[in-house]
Structure formats: structure tokens, C-alpha cells
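Subject: Structure handover

Hello,

Here is the structure we talked about. Please open it and keep it in view while you read the notes below.

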Amino acid sequence: MQSTDLLVNLVTALAVAFAGGLLAARLGQSAVLGYLLAGMAIGPYTPGFVGDVATVDALANIGIILLLFAIGVQLSFRDLLRVGPVALVGGTVQVVLIIGLGYGVGLALGWSHIQSLFLGAVVSNSSSTVISKVLGDRGEAGSPHGQIALAWSTVQDLGTVVLVVVLSSLAGAGDGLVTDLLWSTGKATAFLLLAVPAGVAVLPWFFARVAALRQREIFVLAVAAVAFGTAYVSSFFGLSLALGAFVAGVVVGESDLSHQILAEVLPLRDIFSGLFFVSIGMLVDPGFVLRNVPLVLLVAGLIVGAKGLLSGAIIAVAGYPARTAALAGAALAQSAEFSFLLARLGTDLGAVSSTAFSLMLSGAVASIVTAPGLHRLALPLAAWLDVRLPARRLPEALEPPSAEAGRVPVVICGYGRVGRMVGTALRRRGLSFVVIEQDRRVVESLWKEGVPAYQGSAENRVLLERVGLERAKVLVVAIPDPVAARQLVDHAREVNPRLDIVARAYSEEERAFLEERGVTEAVVAERELALELTRHTLRRMGVGTLEIQALLQRLRGGRE
């Protein structure tokens with residue numbers, strides 16, 4: 001009978017998760033929102049079928065382990081170090097300040113000290129999943145604000161590990177608070193000192209040997225055994241299963257097989273993490289939300305308003321352009337996975353009441369709903385700030401060449417991998433050019449090399465006037481932001497109708513749109529890759545060079 005109940009609840013939870021995720025996707029929202037709404041639909045606070053909370057919760061524990069393991073594997077210390085102190089220092093400062101603000105709000109609401117701390121912890125975190133989806137849908141994941149937001153979220157994820165240990169200790173502490181906290185910290189440190197070196201020394205060797213068998217099902221079992229085994233071992237140190245799984249993921253993520261491991265675990269993660277969010281949704285009382293709209297808006301305001309503004313301000317103070325700061329702040333103005341995990345931890349420890357839990361979750365859900373729209377609203381604000389705040393001036397010796405000197409430069413907007421390759425080719429031919437780039441370190445590096453460069457957003461009209469766009473012969477648009485690229489192209493055509501513009505595009509639709517706006521040539525990276533592969537294959541098959549060139553030309557023109 002128990003097995004039948006388990007099957008019924010599993011099937012029901014999966015079915016409603018699918019329906020909720022499908023609805024959220026159709027509405028352009030994160031699937032997490034759909035899973036939460038699905039949980040509310042089968043929860044005890046709504047009419048109709050009521051799932052067994054304990055059964056779904058048991059299944060959700062599997063989801064927690066897989067979710068945290070996958071997040072750990074995806075965590076990139078290289079990306080974190082590449083962005084630099086703005087994420088490491090800024091993210092830490094933001095978490096501490098928002099926890100303090102949330103703590104103060106909780107006390108003002110009459111909550112206990114520990115419950116107020118949980119509120120601050122819940123609102124301090126941002127979801128890398130939501131950030132990736134919102135920015136990825138707009139082709140901005142590789143933009144400066146996208147890289148900062150994702151690295152910033154990574155710092156928050158690492159901070160959650162500390163928060164789990166500290167809050168668990170505080171929630172269970174009696175008179176010996178300091179002793180309990182030191183004891184919990186010591187056990188967590190001992191676990192890390194044992195797990196991390198052992199994992200780094202053994203796991204790469206272990207997975208390499210398993211992969212050499214070329215048996216996919218055995219490799220999947222090995223990954224699952226490591227994830228669940230490490231989570232189980234962490235429980236002997238008084239730590240949560242989620243924390244153990246996250247540490248295992250971080251260790252595995254540094255191995256050469258991390259991508260294969262992640263690919264194998266993602267399908268399982270997607271299934272069971274959906275159940276985790278369904279279980280969270282089952283605990284939310286919709287009636288409570290309707291009766292306490294002002295309080296829900298207050299929590300949502302802490303997440304969206306306070307956290308978003310504070311994050312943007314810190315990034316601006318670090319010296320990044322106003323546009324980057326505004327868009328990164330907007331991307332970070334939401335909550336999700338770890339916020340739900342912390343709220344759930346609070347209820348499991350008896351530190352957070354059902355009322356406070358519903359309030360925290362409702363505010364987090366509201367922030368997820370507003371995330372895509374908030375990013376769209378931030379775009380005109382970012383452009384407005386970027387125009388009115390002056391770009392950083394160059395040393396006098398590095399000012400762009402003037403028309404009187406007879407040196408009309410190429411203007412390169414964006415000096416990442418694409419723009420750098422163009423610049424290298426121009427320098428080898430002795431041709432002058434000017435660079436507009438948002439990354440301050442790249443600009444300073446160019447200064448040292450004697451290359452005229454400006455830090456700022458490429459669509460900033462004031463900055464474009466300074467580089468002499470009206471006198472340029474060629475404009476290279478190599479920025480990973482399609483919205484900014486469109487604005488840049490429109491302005492370039494206004495000030496210099498004869499300007500030759502070449503731009504990168506992320507899709508055929510984007511290429512067609514840019515060419516309609518006056519771009520001389522828009523290059524789609526995937527299409528050029530396919531054409532190069534075609535050229536090589538045809539040449540190896542004995543097809544003549546002229547015939548290959550003719551065929552590729554027809555393919556580029558869409559005539560084949």
C-alpha cells in the first residue's frame with residue numbers, strides 16, 4: 001500500500017510540475033515559478049487533490065542533493081577570478097548588508113532574532129538560474145554586466161555554505177551559543193579538510209577510470225554514488241545533505257571530466273529538483289498571500305529594490321560604467337534556489353514559523369515574476385545614465401587621432417575574443433583604430449600598448465562623438481549585447497551615412513534585422529563555423545577551390 005501511495009504522489013507531482021513548467025515557459029517565466037505554482041495546486045491550502053507532503057518531501061530530498069551537486073559542478077572559480085574583486089568583495093559586502101537590513105525589518109515586524117536572521121539570509125541571495133535565463137534569452141550572458149552578475153551570484157552561493165552552518169548553529173543553540181557555533185564551524189571545517197583534498201586527489205582518477213570503460217550507465221551510477229555518498233558522509237559531521245552535495249560538486253567541477261559529469265547528472269537533476277520546488281509550493285498558503293499583500297510587497301521590495309540598488313551602487317563605486325552597474329543590479333534583483341533552501345532549513349529547524357515561511361517564499365516568487373520585466377525596464381535607465389555620466393578620460397597621449405592629422409581610424413566596439421582578433425590583424429598591417437570597451441582592465445591594458453581606447457558603453461552617443469565616429473571608415477560591432485548593438489547601429493547611420501558597418505549576430509533573424517538597419521555585413525558565428533566545416537569537407541573530397549567558393553557564396557546568400 002505504501003508503495004502505491006508513493007507511486008501516486010510521484011506521478012501526481014511530476015504531472016503538475018510538467019504542467020506548471022509548461023505554463024511558465026509559455027509566459028516567458030522561469031520554470032521554477034511553474035513548479036512552485038504546481039505545488040500550491042496540490043497543497044493542503046487549495047481545493048482538489050492534496051498530495052502527501054511527507055512523501056513528496058522525501059522525494060524532494062533527492063532533488064536537493066542533485067540540485068546542489070549540479071550547482072557545485074557548474075561553479076567556475078576561473079570565471080570568478082576573471083571578473084575580479086568587484087564580485088568577491090562586492091558580493092560579500094552586499095550579502096552582509098542585506099542580511100543586516102532583513103534582520104532589522106524582521107525585528108520591526110515583531111519577529112524573533114533568529115527568524116529575522118533567516119529573513120535577511122533568504123533575501124540576500126540571487127539565482128544564477130534566473131540570471132542565466134533572463135540574460136541568455138537576450139544574448140547578454142557574455143556581456144560585462146552578465147559576467148559580473150553570474151560571478152556575483154557565485155559568491156552568494158559560496159556564502160550560503162557559511163550561512164547554512166551559522167544559522168543551523170544559532171537555531172539550535174541554547175545558553176552556550178559561542179560553544180555551539182565554534183563546534184559546528186569546527187565540524188564543517190573538518191569535513192572540508194577531509195573531503196576536498198581527498199576528492200581532488202581521488203575523484204579525477206576515479207572518474208577517468210570509469211569513463212575508460214565506455215559504459216554510460218556505469219558512469220552515471222558512479223556520479224550518483226559520489227553525489228549521494230558525499231551528502232551522506234556530511235551528515236556524520238552534523239551538516240546538511242545539501243551542503244555535502246554542493247561540496248562534492250565543487251570538487252568534481254575542477255576535474256577534466258566535469259562537463260561529461262554535468263551532462264549525465266542534469267536529466268536526473270531536472271526531474272527531482274522539480275519535485276523539490278513542488279514540495280516548497282505545497283507549503284505556501286495562497287490565502288495568506290492575499291491577506292498579507294503589503295507584507296509580501298515589503299519582502300519583494302527588499303529583494304528587488306534594496307538588493308538590486310545596493311548591488312548596482314557597489315558595482316558603480318568599483319569603477320564600472322553606469323550602464324553595466326544598472327543592468328547587473330537589475331539582473332541580481334531576484335531570489336530562487338538557495339533562498340528556498342534557506343527558508344526550508346529554517347522551518348526544518350523550527351526557527352521559522354509557517355507564516356514567516358509563506359511570507360519569505362511569496363516575496364521570492366514575486367521577484368522571479370518581475371525579473372524579465374525589470375531587465376527590460378533597466379535598459380532605458382542604463383542608457384540614460386550612461387549618456388549623462390561622463391566616460392573615463394584617457395591620458396592626453398592616447399587621445400584618438402584627429403581628422404587634421406589625416407588618420408581616420410577604424411572604430412572597434414567590444415574588445416573581447418572577436419574584437420581582439422580584428423585589432424590584432426589591423427596592428428600587424430600598421431592600421432590605426434580606436435577601441436570602446438566596458439572592461440576597465442582591458443582598456444588599461446590597451447593604454448599600455450599604446451592603443452587609443454575608451455571605457456564605456458558602445459551606444460553612448462557622447463562617447464561615440466569623442467572617438468570621431470563621423471570620420472571613421474569602418475565600424476566593427478563586436479559587443480555581446482544585441483540591444484546595445486541595434487542602438488549603436490542606428491546612431492552610427494545617423495552621424496555617418498557612408499560608414500561601413502560589420503557586426504556580429506547571434507541568429508539569422510538578428511542578422512536580417514541588422515542588415516535592414518544599414519549594417520553592411522552581419523556575421524552569424526554558427527553559420528560561418530558551418531561554412532568553414534563545409535569548405536574543409538569539400539576540399540578533402542576533391543572539389544575544386546573555385547567551385548567551393550561559388551557554393552559557399554550561394555549558401556551565404558541563402559540561395560541553397
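Which residue in strand 2 is the bridge partner of I412? It is V435.

First, some ground rules. This is a predicted model, in which local features need pLDDT of at least 70 and side-chain atom pairs count only at pLDDT 80 or more, while totals for chains, interfaces and linings use all residues. Residues are numbered from 1 along each chain as its sequence is written, and side-chain values use heavy atoms, leaving out hydrogens and water.

**The sheet**

Strand 1 covers residues 410–413, and strand 2 covers residues 433–437. They pair in the parallel sense over four bridges. Two strands count as paired if DSSP finds at least two bridges between them. Strands (E, at least two residues) and helices (H or I, at least four) are DSSP runs, numbered from the N terminus.

Now widen the view. Six strands form an open sheet, in the order 3-2-1-4-5-6, and the pairing is parallel. Strand 3 (453–455) and strand 6 (521–524) are the edge strands, as each pairs on one side only. From one strand to the next, the twist averages 15°. Axes here are lines fitted to C-alpha atoms, for helices over the stretch in contact, and angles run from 0 to 180 degrees between N-to-C directions.

Helix 18 (residues 417–428) packs on this sheet. It touches strand 1, strand 2, strand 4 (474–477) and strand 5 (500–505). Contact means heavy atoms within 4.5 Å. The direction of helix 18 makes about 155° with that of strand 1. Helix 23 (residues 525–540) also packs on the sheet, touching strand 5 and strand 6. Its direction makes about 70° with that of strand 6.

Look next at the loop between strand 5 and helix 22 (508–516), where S507 lies. S507 is partly exposed, at 25% relative accessible area. Buried means under 20%, exposed means over 50%, and partly exposed is in between (1.4 Å probe, protein chains only). S507 and E526 are 19 residues apart along the chain, and their C-alpha atoms are separated by 8.2 Å.

**Salt bridges**

How many salt bridges does the structure hold? There are eight. Each is a side-chain nitrogen of Lys or Arg within 4 Å of a carboxyl oxygen of Asp or Glu. Here are some to find:

- R344 and D348: the closest N and O atoms are 3.6 Å apart. Both residues sit in helix 16 (residues 337–348), and they are about one helical turn apart because four residues separate them. R344 is buried at 5%, whereas D348 is exposed at 56%.
- R291 and D285: their side chains meet at 3.7 Å, N to O. R291 is exposed at 59%, but D285 is buried at 17%.
- R471 and E470: the closest N and O atoms are 2.9 Å apart. R471 is partly exposed at 32%, and so is E470 at 36%.

**A surface patch**

Last stop. L88, V89, V93 and L97 form a nonpolar patch on the surface. Together they have about 310 Å² of accessible area. Areas come from the Shrake-Rupley method with a 1.4 Å probe, and for residues only the protein chains shown count as cover. Patch residues have over 30% relative accessible area and no salt bridge; nonpolar side chains (Val, Leu, Ile, Met, Phe, Trp, Tyr) are joined within 5 Å, like charges within 9 Å. V89 lies in helix 5 (residues 85–108). V89 is exposed, at 51% relative accessibility.

Best wishes
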